[in-house]
Amino acid sequence: MLSPLKHIPRVEARAAILSLVVGLALLVVKFAAYFLTGSTIIFSDALEGIVNVTAAAFALYSIGYAHQPADEKHPYGHGKVEFFSAGFEGGMILLAAAMILFRAIEAFQHGTQLQHDALVWAIVLTSFALAVNGLLGLNLVRTGRTHRSITLEADGWHLLTDAITSAVALVTIVIIYFTHLNWLDPAAAVVASLYIGRTGLRLMGHAKAGLLDEQDDHDRQTLERILNGHIGPAAQPPRICSYHKLRHRHSGRYHWVDFHLVIPASMSVDQGHRLASTIEYEIEQTLGEGNATAHIEPCIDRACARCRPTHQEPA
């Protein structure tokens, strides 16, 4: 199971391993704060820490699997596992949100027994967890976007969500420490569960879009800009008559693009092939990791401005 890890680029491997190690350390810190205080909101924070560790471990494996080269059984590569990883993490977050909400309702029903003498320690430990999760989350989001890893980015957003949960817990504990309003503890946990659940739904929606090959608006605009730039009297070479059937999808960070190019019927097969290859290369360089495939069709439009100066323009 661990063999795919050898395919992970060093920067991404370092980020994923750091997320896992830090998640384990903060899990101990958060549960220590919970056992010291019995606080429902700190229990919420600690429970999300379990999700962090589980998600980080799965993310590490998913990144390695996604980087495996295409093979006979997977000619389009293994990148979609990153969408599955994001969906798994979103599902874990939703489960944690449901458990937190259940615990908060239970605390409202039976009352909250807080250990006020230990609240100072809880404030210190929660502050530490907040700072570490916030910095690590920002680093993972930045690394994920730079290397186009939805898994790292999803893990980063989850840690930032966890940091916000820690912030809610910290503010709640500070207020309770000075006011002894214990009912604020389960009330804050309810708020935290709703926020965490929203993040889980967002991650699952993003994963669903990728698994079902939902069209990316940003990619569509980029592709149309490139192709439109080769149409018209002032177009950059190689000029084409038109294009249609433009389709694109993601396989994790990898882009797959296919489209039909309409070119003058007077062009030879070799000219048409070189023209298509030039545009395919431009698209691949713009999108980053990906593959573009063009199908060539002869133009049958008698009014086509591109076809009038026949035989003038090689590919």
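The legends below describe close-up views of a predicted model. Local features need pLDDT of at least 70 and side-chain atom pairs count only at pLDDT 80 or more, while totals for chains, interfaces and linings use all residues. Residues are numbered from 1 along each chain as its sequence is written, and side-chain values use heavy atoms, with hydrogens and water left out.

**View A. Helix 3 and the residue that follows.** Helices are DSSP runs of H or I with at least four residues, numbered from the N terminus. Helix 3 (residues 81-110) has 30 residues and should span 44 Å at 1.5 Å a residue, which agrees with the 43 Å between its end C-alpha atoms; the expected span is 1.5 Å times one less than the number of residues. Gly111, with a positive phi near 85°, follows helix 3.

**View B. The ring pair of Phe58 and Phe88.** Rings of Phe, Tyr and Trp (its six-membered ring) pair if their centres lie within 6.5 Å, with planes under 30 degrees apart counted as stacked, over 60 as edge-to-face and the rest as tilted. By this rule there are 7 aromatic pairs. The centres of Phe58 and Phe88 are 4.7 Å apart and their planes stand at 45°, so this pair is tilted. Because Phe58 lies in helix 2 (residues 40-66) and Phe88 in helix 3, the pair ties together parts 30 residues apart in sequence.

View C. Phe31, Tyr34, Phe35 and Phe43 are linked into a cluster by ring pairs. The charged end of Arg103 sits over the ring of Phe43, 5.8 Å from its centre (NZ of Lys or CZ of Arg within 6 Å of the ring centre and within 35 degrees of the ring normal).

Note on methods. Helices (H or I, at least four residues) and strands (E, at least two) are DSSP runs, numbered from the N terminus.
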